[in-house]
Amino acid sequence: MKKLINNPELVVEEMLEGIVKAHPNYVKQLEGFNVLVRANAPVKGKVALISGGGSGHEPSHGGFVGKGMLDGAVAGAVFTSPTPDQIFEAIKAVNGGAGVLSIIKNYTGDVMNFEMAAEMAEMEGLEDLEIASVVVDDDVAVENSTWTTGRRGIAGTVFIHKIAGAAAEKGMSLREVKEVAEKVIANVRSMGMSLTPCTVPAAGKPSFTLGENEMEVGLGIHGEPGTHRDEIKTADEITTHLVDKILADIDYSNSEVAVMVNGLGGTPIMELYVINKKVNEILAEKGIKIYKTLVGNYMTSLEMAGASITLLKLDEQLKELLDAAADTPAFTQF
Amino acid sequence: MIDHIRLVSIIQEIAVVIKENKELLTELDQAIGDGDHGINLDRGFSAVKEKLNGLQNKDCGTILNTTAMTLISKVGGASGPLYGTAFMRAGQIVAGKTQITEEDAVKMFDAAIQGIVLRGKANKGDKTMLDALIPAFEIFKTTIEANEGLNTAATKAAEAAKEGVEYTKTIAAKKGRASYLGDRSIGHQDPGATSTYLILKVVSDFLAKEN
C-alpha cells in the first residue's frame, strides 16, 4: 500500500481537520464528533439537510456543506457508515427549528444507522425537532427488487444535495423539501465502471484485483465488486454501455436532462471529458436535450480509476432549483 | 448459570477472538462486501473490552447494555447496529440481575435474534448472520428444554452455527452489499455469519473450559 497518510486509524480525523482549516468560512467541526456543519449553523427557520456515509468519497459529503446545499455531513470510517450517535449530534447541531432532512444512500448499514439516530432523537423527546429522511438509490447496475437490499446510492446523490438544498434555501417546508428530494430520486439514474481497485487504508490491500486488460462494470463506490468483469474497451464503447443501461431504465424520450460524468478518484479529468463527448453524441442521437453538465470528481472511491455517468430527468421546478446559487467548498455557482 | 463476573470475561474473550480473526473476517468481506467487517468489529470489541474493565461489579443488564452502546457507537456499518441491537435486547432480559439462568439464556438468545430480524429486515436464507444464529438458537433451546445443561446447549449451538456458516456458501446474498453481486456471491461464506459463529464458539469454549 502506497498512500499519503500517517496512521490508517486517523485518516478521517486528520482529513476533517484539514478541511476545516482550508474552509473555515464554510464549515466547522462539532467538537468530539466526525461531523462538519456550516460555519453559521444552525440556520434559523430553514429546513436543514444532512447527509453522510463512509469516508473515502470526497468531496462527498463534507465538500457540499454550505449555502444552497447541505447543512451538515457525517463522516464514518473509510467506506463504513457513520454511527447513530454521530448522526444524532449532526441532527441536533443543524436544527434551525424548521426540521431536518437526512439524505441517505441506500446501503444496509447507512439506512440502519440513520434509523437508529432518528430513534435516539425520538427517545430524547426533542419536541421542536421534526425529522424526515430520503433514501437515494440511483445505481442501475443493481437489480431493483423488494426481496433484496435494492439499488445503491451513488453519484446521483449530489443532485439531491444540490436541488433539495436549493429548495430548503428558498424557504420550503420540510414536507416540500422532502417531496422535491423524492422527485429527484425518482428521476436520477447512474452507472459506473472501474479500471483499477482501491485500497482501504486500514485493510492495506486492494478490495479486488483486475488483470491488465480487465475492467469491472457496474461496481459500487466502496470497492465492492460489480455486476460483471469484461475485457477493457474504448471510452466510447464503455460510455455507450453505461448510457444504454441508464436509458433502458426510465423513459427519457423528449426530455431535458442534467448530466454528471463523475470520476472515481484515480481517473484524469481528461478522460472524463472524453466520456462526456460521447454522452453528448448518444443523447443527441436520441433527441434528449442536455440542460446542464457537470464533469469532475463528485463522489469518489479513494484512488479507484473509473467513472460513473448520471442522468437526471428535469422539469421546470428541478431546472430552477438546479440553477439556484450554491456556495460550498466543492461546488459553487452564482 | 453465568454470573456478572463471568459474563464480563466472556465478552472480553470475544474481543480477543475477534482481534485474532480480524484479517480473516476482512478477507471474507472483501470477496463479497466492502472489506471492512473485521476492521469494524475489532474496533468495536476492543473498545468494549476497555469499557468493561470497570464494570465487573455491575448487573448483567448494565454489562450487556454497555457492550451494546459501545458497539453501536464504535462499529458503524451494518454490523454495529445489528450486534448492538442483539446485545441490547439480550441485556433487557437480565436487567438488574447478577446471574443468568438457563431459562434467561434462552430468552436472551431469542430476544437478540428478534432484534436482529427487526433491525436488519432479514430472514433465514438471506446469507446473513441469521443463517448461523437461528439454527444455533433452535438447538440451544431444545437442548436446554431436554435438561442437558448450558454447556452442552452452547456446544451444540456453536456446532449448528458452524454448519450455518457452511450453508451460507451455497446460497446467494439477499441483504447487505453482498446482494449486489447476485449469484456471484455463491461459493463465498458470509462474513457476518462467520463472526456470529466465532462469538458463539467463544461462549461454548468458555463454558467447556470451566467444567
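Me: What makes two residues "in contact" here?

Reply: Two residues are in contact if their C-beta atoms, placed from the backbone, lie within 7 Å. By that criterion, 29 residues of chain A are in contact with 24 residues of chain B. This is a predicted model, in which local features need pLDDT of at least 70 and side-chain atom pairs count only at pLDDT 80 or more, while totals for chains, interfaces and linings use all residues. Residues are numbered from 1 along each chain as its sequence is written, and chains are lettered from A and ligands numbered from 1 in the order in which they are written.

Me: Which helices of chain B each supply at least two residues of the side that touches chain A?

Reply: Helices (H or I, at least four residues) are DSSP runs, numbered from the N terminus. On that side of chain B, α2 (22–32), α3 (37–52), α4 (60–74) and α5 (79–93) each supply at least two residues. The most comes from α4(B), with 3 residues.

Me: How do the residues of that side of chain B divide?

Reply: Ala, Val, Leu, Ile, Met, Phe, Trp, Tyr, Cys and Pro count as nonpolar, Asp, Glu, Lys and Arg as charged, and the others, Gly among them, as polar. The side of chain B that touches chain A has 11 polar, 7 charged and 6 nonpolar residues.

Me: Where are the domain bounds in chain A?

Reply: Domain bounds come from an automatic or database domain assignment. For chain A it gives domain 1 (8–186) and domain 2 (188–322). Their C-alpha centres lie 23 Å apart.

Me: How many residues of these two domains are in contact?

Reply: In chain A, 30 residues of domain 1 are in contact with 32 residues of domain 2. On the domain 1 side, α4 (157–169) and α5 (174–187) of chain A each supply at least two residues, and α4(A) has the largest share, 7 residues. That side of domain 1 of chain A divides into 17 nonpolar, 6 polar and 7 charged residues.
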